[in-house]
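Welcome! Let us get to know a new structure together through a few exercises, each with a worked solution.

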Amino acid sequence: LGPETEKSNGFRECDKALHEALSAIANNNMDEAKKHYLQARNYYMNLNSEQKKDIYDELMDVYNKLAR
């Protein structure tokens with residue numbers, strides 16, 4: 001089993017929400033992007049420290065794009 005199968009459902013849901021947020025940002029739909037970011041953040045809060053470390057940069061990337 002590779003590392004990908006070791007990820008929790010929460011991690012996958014967080015990652016998926018971040019990708020949806022980035023897609024919404026690319027389409028200039030900031031309300032939709034913010035909704036997906038908040039979903040991702042909720043999943044993030046429940047991840048273990050190792051998973052948080054793995055996805056933190058992506059979470060902050062979306063946050064910074066929304067903060068503009």
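The exercises below go from the overall build to single residues.

**Before we start**

This is a predicted model, in which local features need pLDDT of at least 70 and side-chain atom pairs count only at pLDDT 80 or more, while totals for chains, interfaces and linings use all residues. Residues are numbered from 1 along each chain as its sequence is written, and side-chain values use heavy atoms, with hydrogens and water left out.

**Exercise 1. Describe the secondary structure and the overall dimensions of the protein.**

Step 1: Count the elements. Helices (H or I, at least four residues) and strands (E, at least two) are DSSP runs, numbered from the N terminus. The protein has 3 helices and 0 strands, and its pattern along the sequence reads α-α-α.

Step 2: Look at the extent. The C-alpha trace spans about 40 × 20 × 15 Å along its principal axes.

Step 3: Compare with a globule. The radius of gyration is taken over C-alpha atoms, and the globule rule is 2.2 Å times the number of residues to the power 0.38. For 68 residues, a compact globule would have a value near 11 Å; the protein has 12 Å, which agrees.

Step 4: Accessible areas come from the Shrake-Rupley method with a 1.4 Å probe, and for residues only the protein chains shown count as cover. The accessible surface is about 4,700 Å², and 47% of this belongs to carbon and sulfur atoms.

**Exercise 2. Locate the salt bridges and say how exposed their residues are.**

Step 1: Apply the rule. A salt bridge is a side-chain nitrogen of Lys or Arg within 4 Å of a carboxyl oxygen of Asp or Glu. The count comes to 3 salt bridges.

Step 2: Start in helix 2. Glu32 and Lys35 form a salt bridge (3.4 Å, N to O). These two residues sit 3 residues apart in helix 2, separated by about one helical turn. Glu32 is partly exposed at 28% relative accessibility, and Lys35 is partly exposed at 43%.

Step 3: Move to helix 3. Glu50 and Lys53 pair at 3.8 Å, N to O, being 3 residues apart in helix 3, about one turn. Glu50 is partly exposed at 46%, whereas Lys53 is exposed at 58%.

Step 4: Stay in helix 3. Asp61 and Lys65 form a salt bridge at 3.4 Å, N to O, and lie 4 residues apart, about one turn of the helix. Asp61 is partly exposed at 32%, and Lys65 is partly exposed at 27%.

**Exercise 3. Examine two buried residues, Gln51 and His36.**

Step 1: Begin with Gln51, which is found in helix 3. Gln51 has a relative accessible area of 9%, so it counts as buried.

Step 2: Find a partner. A polar contact is a pair of N or O atoms within 3.5 Å; within protein, one must be able to donate a hydrogen and the other to accept it, and residues adjacent in sequence count only if both atoms are side-chain atoms. The side chain of Gln51 makes such a contact with the side chain of Ser8 (3.2 Å).

Step 3: Go on to His36, which lies in helix 2. His36 is buried, with a relative accessible area of 9%.

Step 4: List its contacts. Leaving aside neighbours within four places in sequence, His36 is in contact with Ala17, Glu20 and Ala21. Of these, Glu20 lies in helix 1 and is partly exposed at 32% relative accessibility.

Terms used. Buried < 20%, exposed > 50% of the residue type's maximum accessible area, 1.4 Å probe, protein only. Contact = heavy atoms within 4.5 Å.
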